[in-house]
Amino acid sequence: MTAANGKHTLFISDLHLCEERPHINEMFFRFTRNVAPGAEALFILGDLFEYWVGDDDIDNKLASGVADALMALSKDGVAVYLMQGNRDVVLGHDYASRCGSTLIPDPTVIDLYGTRTLLMHGDTLCTDDLEYQKYRAYIRDPRIQAQLLALPLAVRHEQARSIRTQSEAHKSTKAAQIMDVNADAVAEVFQRHAVRQMIHGHTHRAARHTADSAKGMLVRWVLPDWGTSCGYLTASLGADLRQRWLPSDATT
C-alpha cells in the first residue's frame, strides 16, 4: 500500500460488537459515518465481533448492519481490510465480500507511508499463556473449523456463548502478565519480519512501546479495545502515528 499526499490510514481492533453492547455498536456506526470517510484505508485487526459462528449466519442483523456500513466506505473509496481475531476466528471471505473488504492474513506486512509495518491481531505474542496457545492451535485447525461450521446455526450460537463465558471465567483466574505479550516473542517477530514498526491489538492495553535494536528504534503500537472508550490509530504521510478517541457524547 502506498499513500498519496494528504491521505491517511486508520487502524482499529477489539471492538467486540454484539447485541449486548448497543452503545459500542452505535459508536462503531458513528466511526464509519464521521471518522472513516476520506481515509485511504481502514484496517480492522481482529475481534470486530464478540463472537462469530460463520458467514452463513445471514439473518444476523448486527452483522448485516456492519457489512452495510463497511460497504458504504468501500464504495466511497476507502480500502477496507479485515483480519481475524481470536473471537471471530472463522470470519471468512464471504463476509469480507459482503463488507466490500479484503480479508488479510495474520500477520501481514504493509508499506505504511514508507515504513515497513507489521500488522497482527496480537494473540500469538502472548506465549506465556500456554493454555490459550493450545486452544488457539486447536480452533485454527481447518479440520476442526470444518466440523464446527457443519453444525446447525443454533448449536453454533450456543457453543459460542458457552466459550465466551468460559473465556471470561478463565481470564479472571490468570495473572495479568500471563495475558500480556512476551518480550522475547515480540523481539523474535520484529526480527523475523525485518520490520521496525508493529501494530496489533488483543491485549486491550493501548500504548506505544519502544525498544532499541542494532537496526534502530523499534516501535510497537497496541490498539485499544472498545470498552468504556473507543479509540483508533491514525497514520499519514510525513506525520507520526497518533492515538485518537471518539467523543462519547457524539450525536451524529
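Which side chain meets that of Arg-192 in a salt bridge? The legends below take up this pair and others in a predicted model.

**Close-up 1. Salt bridge between Arg-192 and Glu-188.** The side chain of Arg-192 meets that of Glu-188, with an N to O distance of 2.8 Å. Both residues belong to helix α7 (residues 183–193), where they are four residues apart and so separated by about one helical turn. Glu-188 is partly exposed, at 37% relative accessibility.

**Close-up 2. Salt bridge between Glu-26 and Arg-30.** The closest N and O atoms of this pair are 3.4 Å apart. Glu-26 has a relative accessible area of 30% and is partly exposed, whereas Arg-30 is buried, at 16% relative accessibility.

**Close-up 3. Salt bridge between Arg-136 and Asp-123.** Here the closest N and O atoms lie 2.8 Å apart. Arg-136 is in helix α4 (residues 130–139), while Asp-123 is in the loop between β6 (115–119) and α4, so the pair ties together parts that are 13 residues apart in sequence. Arg-136 and Asp-123 are both buried.

**Close-up 4. A network of salt bridges.** Four residues, Glu-20, Glu-50, Arg-87 and Arg-164, are linked in this network. Side chains of opposite charge can pair when their charged atoms come close. In the model as a whole, the count comes to eleven salt bridges, taking as the cut-off a side-chain nitrogen of Lys or Arg within 4 Å of a carboxyl oxygen of Asp or Glu.

Key. Residues are numbered from 1 along each chain as its sequence is written. This is a predicted model: local features need pLDDT of at least 70, side-chain atom pairs count only at pLDDT 80 or more; totals for chains, interfaces and linings use all residues. Side-chain values use heavy atoms; hydrogens and water are left out. Buried means under 20% relative accessible area, exposed over 50%, partly exposed in between (1.4 Å probe, protein chains only). Helices (H or I, at least four residues) and strands (E, at least two) are DSSP runs, numbered from the N terminus.
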